[in-house]
Amino acid sequence: MDSIVTLDVNPSVSLDVDENEKVVAVNALNEDGEAVIDGMNLEGTDLDVSINALIGSMLKNGYLNEVKNSILVTVENDDEEKGDELEVRIARDIEKVFSEDGREAAVLSQSLTGDEELEQLAQEYGISRGKAALIREVIRMDPTLTYQTLSTLNVQEIALIYATRQGENSTVTQT
């Protein structure tokens, strides 16, 4: 496995991807994630095809719409440069899917390398490592907030908080 790509809205789904950007495994990270991937077999497909299928399912199932349009893309790769490139490309692909339907997406994206603290936080609060990283960034900007409070919010709600506190040295890209 080369990369892990996680999509967080409230459904959270991760894709294990090989070096040729073929999906090796699809993992629902919560109950809503199960509903999104229900009946889909994405193993062996190209990453971009899988992303489009998952976004389509989130739209169809009402997790994303004109109002609920925030999605967090997290790419985990030991090669930081490769992770950053993949992150930017996936965010653009998601924006394209939305614009083809005449909608706007609020895409937050980040690239991560191994981080045991994030793994521990994700397990403790029952969230993805990507969501834990976003929450950590928000708390870094506003220490009055807590993981306990923010972990219960969906990505749209966290994105709104993030937007009001965003600093210059942020590790999260928002479009």
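## Close-up views of a predicted model

View 1. H5 is mostly covered, with 10 of its 13 residues buried. The buried set consists of Gly-130, Lys-131, Ala-132, Ala-133, Leu-134, Ile-135, Glu-137, Val-138, Ile-139 and Met-141.

View 2. Arg-136 and Glu-117 form a salt bridge, and their closest N and O atoms are 2.8 Å apart. This pair links distant parts of the chain: Arg-136 lies in helix H5 and Glu-117 in helix H4, 19 residues apart. Glu-117 is partly exposed, at 42% relative accessibility. Arg-136 is also partly exposed, with a relative accessible area of 25%. Salt bridges that share partners also join Glu-76, Glu-119 and Arg-129 into one network.

**View 3. Strand S2, enclosed.** Six of the six residues of S2 are buried, so the strand is largely enclosed by the rest of the structure. In a regular strand, side chains alternate between the two faces of the sheet. Both faces of S2 are covered. On one side, Ser-12, Ser-14 and Asp-16 are buried. On the other, Val-13, Leu-15 and Val-17 are buried. The strand covers residues 12-17.

**View 4. S2 and its two partner strands.** S2 pairs with strand S1 (residues 3-8) in the antiparallel sense, over six bridges. Within this pairing, Thr-6 stands opposite Ser-14 of S2. A hairpin connects S1 to S2 through three residues. S2 also runs antiparallel to S3, and five bridges join the two. Here Leu-15 stands opposite Val-26 in S3. S2 and S3 form a hairpin too, with five residues between them.

View 5. Glu-21 sits in the loop between strand S2 (12-17) and strand S3 (23-28). Its phi is near 60 degrees, a positive value in a residue other than glycine. Most residues other than glycine have a negative phi. Glu-21 is partly exposed, with a relative accessible area of 25%.

**View 6. Glu-21 reaches helix H3.** The side chains of Glu-21 and Arg-89 meet in a salt bridge of 2.2 Å, N to O. The pair links distant parts of the chain: Glu-21 is in the loop between S2 and S3, Arg-89 is in helix H3, and 68 residues separate them.

View 7. The structure holds nine salt bridges. One of them joins the side chains of Lys-82 and Asp-2 at 2.6 Å, N to O. Distant parts of the chain are linked here: Lys-82 belongs to helix H3 (residues 80-100) and Asp-2 to the segment before S1, 80 residues apart. Lys-82 counts as partly exposed, at 26% relative accessibility. Asp-2 is partly exposed as well, with a relative accessible area of 23%.

**View 8. Ser-57 in helix H2.** Ser-57 is found in helix H2 (residues 47-60). Is this serine buried or exposed? Ser-57 is buried, because its relative accessible area is 10% and the cut-off for a buried residue is under 20%. Leaving aside neighbours within four places in sequence, Ser-57 is in contact with Ala-35, Val-36 and Met-40.

Methods. Residues are numbered from 1 along each chain as its sequence is written. This is a predicted model: local features need pLDDT of at least 70, side-chain atom pairs count only at pLDDT 80 or more; totals for chains, interfaces and linings use all residues. Side-chain values use heavy atoms; hydrogens and water are left out. Helices (H or I, at least four residues) and strands (E, at least two) are DSSP runs, numbered from the N terminus. Buried means under 20% relative accessible area, exposed over 50%, partly exposed in between (1.4 Å probe, protein chains only). Two strands pair if DSSP finds at least two bridges between them. Contact means heavy atoms within 4.5 Å. A salt bridge is a side-chain nitrogen of Lys or Arg within 4 Å of a carboxyl oxygen of Asp or Glu.
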